Amino acid sequence: MRPAAFALAGILAIASGAPAASPPAVGTGIEAPRGAQLSGPELDKRTEDIGALLRCPVCQGLSVADSPATMARNMKAEVREKLAKGYDQEQILAYFERSYGEFVRLDPPMRGVNWLVWFGPLAVLLAGGAVIAWVMRRSRRQAGATEPREVAIAAPADSDPPSRDTVPADPRLAAAVRRVRMLAYGWPQGVPPKAAS
Amino acid sequence: MATARPSRINGKVVIAGLAITLPLLGVLVANLGRDPHSVRSPLIGRPAPAFSLVPVGGGAPLSLENLRGKPVVINFWATWCVPCFEEHAALTAAARGLPDVQFLGIVYEDEEARTQDFLQQRPSPYPSLIDSEGKAAIAYGVFGVPETFFIDGNGRIVDKHVGPMTRSTIAALATKAKEGAR
């Protein structure tokens, strides 16, 4: 769902012409750190985790954690510094979002028009399924309604075969059947004229 | 069996088709004049991120706070960037022609020695600051160079230009920054 979600996020971002929702004002010196100050292996791990959620702005679809670009390394260092100071994940993501916009998040946050990005494809899938089910049910019902007429053309299994001069009720079909009989047998009634009663 | 008339338009199909195509058409029309490669900066209209950076060649750190009250043009550039090289002449000319606007360069992902050489060969009337850890570039949401921010006297970003500028573009956007504080 992720690539589809991003394609749609792109369309929506262009459509709205502005960030979907204004990111909260969080950054150095603006809001106090909300988490615990990290260090050691936990700091390394969390730096990688958050780096994986951030898009490298100068790369093609790479996360900050995966990119070797200087910009990505600088951003990773910034993440590390903020984690060491005690900023939590959401504060750090919001900090980058403040300067780069929602674009910098690899997972569009579930808010505003982004609900459409996350659940739109599922909704479209369900709607498509419902349409297919409705069409199938309707055609089955119609087939049921027209069955007696078809019986007149195709021989029913539980009764005597229809007489050879039977034609469909539809006048156009009946005319077509007569034309075929004329071509095949040379007479339109299905039976030779003298045998017809 | 019902007789199908091929010329008849199915209203439901038309409505469904319009429901799908009209919103897409709306997106297309609404964005016809926009560059699909540019991501709109969320910083426009917001306070410019504060920084305190040392000028190329050393000296006391220069902070944006100290420039409050004067329109500021911040140009992110690098010596390895060919468009920046082309833009340099326009920027220096504009800075000389607009003494009431403070121009600043912020060096992006470059070595100080190379920057110093560059500026010795092509003197600039305004200072360029070294952003060695890229913090200012990140705070301003820089994607590449050259990128230029126009800040009004109240410290609010009024516009951002991506790519090299001509002298007339610089003058027009600097005027916008001057008017922004009024």
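In this predicted model, A36(A) is in contact with L83(A) and G86(A), leaving aside its neighbours within four places in sequence; contact means heavy atoms within 4.5 Å. A36(A) lies in the loop between α1 (2–16) and α2 (40–51) of chain A. Helices (H or I, at least four residues) and strands (E, at least two) are DSSP runs, numbered from the N terminus. With a relative accessible area of 55%, A36(A) is exposed. The terms used for accessibility are buried for under 20% relative accessible area, exposed for over 50%, and partly exposed in between (1.4 Å probe, protein chains only). A36(A) and D88(A) are 52 residues apart in sequence, and their C-alpha atoms are 7.7 Å apart in space.

Residues are numbered from 1 along each chain as its sequence is written, while chains are lettered from A and ligands numbered from 1 in the order in which they are written. Local features need pLDDT of at least 70, side-chain atom pairs count only at pLDDT 80 or more, and totals for chains, interfaces and linings use all residues, with side-chain values based on heavy atoms and with hydrogens and water left out.

Chain A has six helices and zero strands. Of its 197 residues, 29% count as buried. Among the contacts in chain A with a separation of 6 or more, 58% come from residues 24 or more positions apart. Chain A exposes about 11,800 Å², of which carbon and sulfur atoms supply 62%; accessible areas come from the Shrake-Rupley method with a 1.4 Å probe, and for residues only the protein chains shown count as cover.

E102(A) counts as buried because its relative accessibility is 17%. The side chain of E102(A) makes polar contacts with the side chain of R111(A) at 3.3 Å and with the side chain of N114(A) at 3.1 Å. A polar contact is a pair of N or O atoms within 3.5 Å; within protein, one must be able to donate a hydrogen and the other to accept it, and residues adjacent in sequence count only if both atoms are side-chain atoms.

Chain B contains five helices and seven strands, which follow the pattern α-β-β-β-α-β-α-β-α-β-β-α along the sequence. Of the 182 residues of chain B, 42% count as buried. Residues 24 or more positions apart supply 72% of the contacts in chain B with a separation of 6 or more.

An open sheet of five strands in chain B has the order β5-β4-β3-β6-β7, with mixed pairing. Its edge strands are β5 (128–130) and β7 (157–162) of chain B, each of which pairs on one side only; two strands pair if DSSP finds at least two bridges between them. Neighbouring strands of this sheet are turned by 20° against each other on average, direction ignored. Strand β6 (residues 147–151) of chain B runs antiparallel to β7(B) and is joined to β7(B) by five bridges. One residue of this pair, E147(B), has V162(B) as its bridge partner in β7(B).

Two helices pack on the sheet. Helix α3 (residues 112–121) of chain B touches β3 (72–77), β4 (102–107) and β5 of chain B, and its direction makes about 115° with that of β3(B). Helix α5 (residues 167–180) of chain B touches β3, β4, β6 and β7 of chain B, and its direction makes about 165° with that of β7(B). Axes are lines fitted to C-alpha atoms, for helices over the stretch in contact, and angles run from 0 to 180 degrees between N-to-C directions.

The largest nonpolar core has 52 residues, and those with the most contacts inside it are F96(A), F51(B), L64(B), I74(B), F76(B) and Y140(B). Such a core is a set of buried Ala, Val, Leu, Ile, Met, Phe, Trp, Tyr and Cys residues joined through side-chain atoms within 4.5 Å. Apart from this core lies another, of 16 residues, including L91(B) and F103(B).

Some backbone features of chain B lie in its loops. The peptide bond from V145(B) to P146(B) is cis, with omega near -5°, and P146(B) is in the loop between α4 (135–139) and β6 of chain B. E109(B), in the loop between β4 and α3 of chain B, has a positive phi near 45° although it is not glycine.
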